[in-house]
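User: Could you walk me through the side-chain contacts in this one? I'd like to start with charges and then move on to rings and backbone.

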Amino acid sequence: MTKWVYTFGDGKAEGRAGDREHLGGKGANLAEMASLGLPVPPGLTIVTDACSFYYDNGRSLSEDMKAQVLDGLKGIEAIAGRAFGDQENPLLLSVRSGARTSMPGMMDTVLNLGLNDKTVQALGHTSGDARFAWDSYRRFIQMYGDVVMGLDHEMFEEILEDEKARCGHELDTEMTAGEWQHVTELYKEMIEAELGEAFPQDPFVQLWGAIGAVFASWMNPRAVTYRHLHAIPAEWGTAVTVQAMVFGNLGSTSATGVAFTRNPSTGEKALYGEFLVNAQGEDVVAGIRTPQSITEAARLESGSDKPSLQKVMPDAFAEFGRICDRLEAHYRDMQDLEFTIERGRLWMLQARSGKRTTKAAMKIAVDMVAEGLITEHEAVTRIEPSSLDQLLHPTIDPRVTRDIIGSGLPASPGAATGEIVFTSEEAVIAEEEGRKVILVRVETSPEDIHGMHAAEGILTTRGGMTSHAAVVARGMGIPCVSGAGTMRVDLRNELLLGMGVSLKKGDIITIDGSSGQVLRGAVPMLQPELSGDFAQLMVWADKARRMTVRTNADTPADARAARSFGAEGIGLCRTEHMFFEGERIQDMREMILAEDEAGRRAALAKLLPMQRSDFTELFTIMHGLPVTIRLLDPPLHEFLPKTDEEIAEVAAAMQMEPQLLRQRVDALHEFNPMLGHRGCRLAISYPEIAEMQARAIFEAAVTAARDTGAPVVPEIMVPLVGLRSELDYVKASIDRIARDVMTEAGLEIDYLVGTMIELPRAALRAHVIAEAAEFFSFGTNDLTQTTFGISRDDASAFIPTYQRKGIIEHDPFISLDFDGVGELIRIAAERGRRTRPDMKLGICGEHGGDPASIHFCEDVGLDYVSCSPFRVPIARLSAAQAAIKAGRGEI
C-alpha cells in the first residue's frame with residue numbers, strides 16, 4: 001500500500017531532512033527537528049505524490065490518503081492531549097504547503113482549523129481567554145473563506161475595518177471578545193449571502209477542504225509565475241503538513257516571529273529577525289503591524305522604541321538562541337526559522353535554508369569555510385551563479401546631494417530609479433513599453449509577483465525586513481525599501497506623499513535599498529567593484545574549474561570590463577560591429593556600393609587603418625591572452641539605409657542619386673538573409689574583404705607584440721562554414737596575407753585559423769573540416785536557429801506559448817537544447833578531435849554565460865566558454881561548479 005502520510009512529534013519522526021523530495025522542505029525539516037528533540041508541535045505530512053494524485057484524478061483526494069491522515073491524527077491527539085472536533089478540549093490544526101524548494105508566500109495556508117460555533121466556546125474555556133478564542137475563530141473564517149471557499153480577502157477586511165471604526169478602535173488588539181464574536185457573525189452572514197451556503201461547522205469537512213485547497217494552490221497564478229522565474233518543475237508538486245496549533249496570540253506572554261541565524265542582507269554572523277507580541281504568524285509577514293526586533297542590538301540600530309524579544313521574554317530568547325546555534329551547526333548553513341511562544345513556552349514551526357542576497361551568500365560561504373563548517377568546494381557550490389547579477393547593480397554616487405523624501409527599512413540592497421507606478425499591472429505594461437518603474441505599494445502580496453519582477457525596484461510603506469516584499473525582492477536581486485512609515489500611498493488619487501512632497505504616477509524617484517532612503521528624481525549611480533568575499537570565492541572557483549572563460553568583446557570598453565571580471569581572453573570579436581561607428585559606416589557603404597573590385601579595394605584601404613587600430617587595442621588590453629576574431633559575417637545589406645528618408649540622407653552624403661542608391665539596396669535585398677549571402681560566402685565572393693581584415697589583424701599583432709613584449713597569437717575565425725572547400729579557399733588567402741605581413745615586418749607571428757560550427761552540416765562533417773581548421777568555436781545562436789529551423793528574432797511570438805503548454809521546458813536560445821543542438825556539439829567535438837586530437841574547442845554563443853549550458857560544455861570536454869563581459873563571473877563560477885560536480889575540480 002502506498003504510504004501517503006509521515007508523522008512527527010514527541011522526539012520521533014518517520015521522515016528526515018533528506019526526504020524533501022517526498023515530504024517537501026517544510027515537512028522534511030520539521031521531521032528532522034523533531035528527531036533532534038527540539039520543541040516541535042506534533043503533526044503529519046502528506047507526501048508530494050498526493051498532489052500528483054489530486055491533479056490526475058479530477059482534483060480529488062485519495063481515500064487511502066484520507067484514512068492514513070485520520071490514523072495520523074490519533075497520534076497528534078495523543079501527544080497534544082486534545083481531540084480534533086471535541087467540544088470540551090478541541091485540538092486545532094494548521095494546514096500548510098511545502099514544496100521541496102522554498103516558495104515563500106506563493107501557496108496557501110489555513111490556521112486555527114477545527115473551530116466552529118461550539119469548539120470556540122470550549123477554546124475560550126480551556127484557555128481562560130474568550131477574546132483569544134473569538135479572535136482565532138474570526139481569523140479562521142477569514143482564512144478559510146478566502147483560501148478554500150474562494151471569497152476575496154478584501155471582503156473580510158472591509159467588514160473588519162467597518163467594525164473597528166464603529167467601535168472606535170484603530171488596532172485589532174483593541175477589539176474585545178464580544179466585538180470579535182460580532183465580527184464572526186458578520187463574516188458567516190456574508191459567506192452565506194455570497195455563496196448560498198453556510199460556513200462549514202464539521203471539522204473534518206474543514207480538514208479535507210483545506211488539504212484540497214493547498215494542493216490547488218500549487219497551480220495558482222502566483223505559484224506558476226514563481227516556478228517559471230526560478231525554474232521549478234511543475235511535476236514536483238507540493239506536500240501538505242497538518243500540525244497541532246500553538247498560539248502566539250494568547251496575551252502578553254505569547255508571541256510569534258521569524259528569524260535568520262545570520263543577516264540575510266549582509267551575511268553578518270548575528271541573529272536577525274522580527275516578532276510580534278500577542279499575534280499569529282501571518283501578522284509578521286503580512287505587514288499588518290510593524291514588528292519588533294528580536295535582539296537588543298538590532299533594536300538600538302533601528303532606533304525603535306519598542307522592546308526587543310531579548311528584553312520582553314529573556315528565557316524564551318535564550319532558548320531560541322541555543323536552538324539557532326544548534327540548527328546552523330547541524331545543517332551547516334544559515335537557517336530561516338519560524339517560531340511561536342505560547343504563554344512563555346517556545347515552539348519551533350519551521351527551519352529551512354534561508355534566502356539571502358548574493359553579497360550575504362558570499363560572506364556566509366567564506367566565513368563558514370573559516371569556521372570549519374564547510375569546505376572550499378562546498379563554498380563554491382553554495383552560490384547560485386546567476387545570482388551574481390545582484391552584485392552588478394549600481395549604487396548611488398556618494399558625492400551627490402540627496403533629495404530625501406522618505407525613509408524605511410533597507411530590505412534589499414542596490415539602488416534603482418524609475419517612474420512611480422501603483423499596481424503590478426502598470427509595472428508589467430511599463431516593462432513591455434521599455435519604461436523603468438518603481439512599484440510603490442502599501443504592502444505587497446504574492447499576487448504582485450509579476451509586477452515585482454517587472455519593476456526596477458520596490459517601495460512599500462508597511463511591513464518589515466521579513467515582509468513579503470523584502471523576502472521576494474532579495475531573492476530576485478531587486479532593490480527594495482520596505483516599511484517606509486514616513487510616507488503615505490493615496491491609491492484613490494494615485495499619489496505618493498512624504499515630507500511635504502506630493503508625487504503622482506509617472507514621477508521619477510530613486511530608492512536606495514542599502515540605506516532605506518527614498519529620493520526625489522534620478523541621481524548619478526556608481527558601478528560596484530567586485531572584491532573581498534567575492535574575490536576569495538573566485539580564487540577558489542578558479543582553482544577548481546577546468547575550462548577557461550573568455551569574453552565576447554568588440555570594443556576596448558567591453559574588453560577592459562571583461563578583464564576586470566576575470567576574462568582569460570576574447571572568444572568572439574564580431575568585426576562587423578566596428579564598422580557602424582562614426583564615419584566608418586560611410587566608408588563601409590562606399591565599399592558595398594562600389595561598381596567593381598577596384599572600387600571596393602579603394603574603400604577597404606580607408607577601413608584598414610581603422611581595423612588595425614581596433615585590433616591593436618584589443619591585443620594590447622588582452623596582453624598575450626588569446627583573441628578570436630571573426631571575419632565579417634552579416635549580409636552586406638545590413639549596412640545600408642532602409643527608409644526613403646535614410647536613403648536620401650546617405651545619397652546626399654555620397655553624392656549620388658537617391659534612385660540609384662535605392663536600386664543598389666534593392667539588388668542586395670535577401671528574402672532570408674540569415675541563410676543568405678553572409679559569412680564565408682562573402683569572403684569567397686569578395687575575397688578583398690577578408691584580405692583587408694587579415695592584414696589588419698596581422699599588422700596589429702606585430703604592433704601589439706612589439707609594444708607589450710607579450711606574444712600575440714591571433715585566432716582567425718571563418719564564419720558559417722559548411723564545406724571544407726569553403727574553409728580551404730578562405731584559409732589560403734589568410735595564410736598568404738600572413739606571410740606577406742611577417743616578411744614586411746621581419747617578425748614571425750603564430751596564429752590559428754578555425755571556424756564557427758553553426759550549421760548542422762558542419763557538425764556532421766567536423767572530421768573533414770578539422771583537416772583544415774585548427775579550432776572549432778560553437779556558434780550556438782545560429783546553430784540553434786539552423787537546427788530548429790527557428791528565427792531567433794521571431795521566436796518570441798510562440799516560444800512562450802510552447803513553454804506554457806509544456807511543448808518545451810526552456811527557451812532554446814537562452815539555455816542550450818541538450819538533446820538536439822547538444823547532440824550536434826557532441827558529434828562535432830568527437831569527430832573533430834578524432835582528426836585533430838589537440839583541437840581547441842569552445843563555445844561563443846549567448847549560451848556561454850548560461851550556467852546549465854556551461855555544465856553541458858564541461859561534460860562534452862570543451863576547452864573554454866565565451867560570454868558577454870558582465871556574465872564572465874557567472875561563467876567562472878558555473879565552470880567551477882561543473883568541474884566539481886564532474887569530480888574534476890581541484891583545490
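**Charges, rings and backbone**

Analyst: E296 forms a salt bridge with R299, with the closest N and O atoms 2.8 Å apart; a salt bridge here is a side-chain nitrogen of Lys or Arg within 4 Å of a carboxyl oxygen of Asp or Glu. This is a predicted model, in which local features need pLDDT of at least 70 and side-chain atom pairs count only at pLDDT 80 or more, while totals for chains, interfaces and linings use all residues. Residues are numbered from 1 along each chain as its sequence is written, and side-chain values use heavy atoms, with hydrogens and water left out.

User: Where do E296 and R299 lie?

Analyst: Both lie in helix α11 (residues 296–302), three residues apart, about one turn of the helix; helices (H or I, at least four residues) and strands (E, at least two) are DSSP runs, numbered from the N terminus.

User: And is E296 buried or exposed?

Analyst: E296 counts as buried at 16% relative accessibility, and R299 counts as buried at 17%. Buried means under 20% relative accessible area, exposed over 50%, and partly exposed in between (1.4 Å probe, protein chains only).

User: How many salt bridges does a search of the whole structure find?

Analyst: The search finds 62 salt bridges. One of them joins the side chains of R612 and E699 at 2.5 Å, N to O. That pair links distant parts of the chain, with R612 in helix α22 (residues 597–622) and E699 in helix α26 (residues 687–708), 87 residues apart. R612 is partly exposed, with a relative accessible area of 26%, whereas E699 counts as buried at 16% relative accessibility.

User: Which residues are linked in a network of salt bridges?

Analyst: D135, R138, R139, E161, K164 and D172 are linked in such a network.

User: Which residues form the negative surface patch?

Analyst: That patch is formed by D152, E154, E158 and D162. Patches are made of residues with over 30% relative accessible area and no salt bridge, where like charges are joined within 9 Å and nonpolar side chains (Val, Leu, Ile, Met, Phe, Trp, Tyr) within 5 Å. D162 is found in helix α6 (residues 153–167) and is exposed, with a relative accessible area of 54%.

User: OK, switching to rings. How many aromatic pairs are there?

Analyst: The count comes to 16 aromatic pairs, where rings of Phe, Tyr and Trp (its six-membered ring) pair if their centres lie within 6.5 Å, and planes under 30 degrees apart count as stacked, over 60 as edge-to-face and the rest as tilted. Among them, F579 and F639 form an edge-to-face pair, 6.3 Å centre to centre with 75° between the planes. F579 lies in the loop between β28 (570–574) and α21 (584–593) and F639 in the loop between β29 (627–630) and α23 (644–654), so the pair ties together parts that are 60 residues apart in sequence. F579 counts as buried at 2% relative accessibility, and F639 is buried, with a relative accessible area of 1%.

User: Last topic, the backbone. Which residue has a positive phi of about 55° although it is not a glycine?

Analyst: That is A231, which lies in the loop between α9 (221–230) and β8 (239–244) and is exposed, with a relative accessible area of 53%. R343 also has a positive phi, of about 50°, although it is not a glycine; R343 is placed in the loop between β12 (335–342) and β13 (345–353) and counts as partly exposed at 43% relative accessibility.

Terms used
Accessible areas come from the Shrake-Rupley method with a 1.4 Å probe; for residues, only the protein chains shown count as cover. Lys and Arg count as positive and Asp and Glu as negative; His and the chain ends are not counted. The place of a charge is taken as NZ of Lys, CZ of Arg, CG of Asp or CD of Glu.
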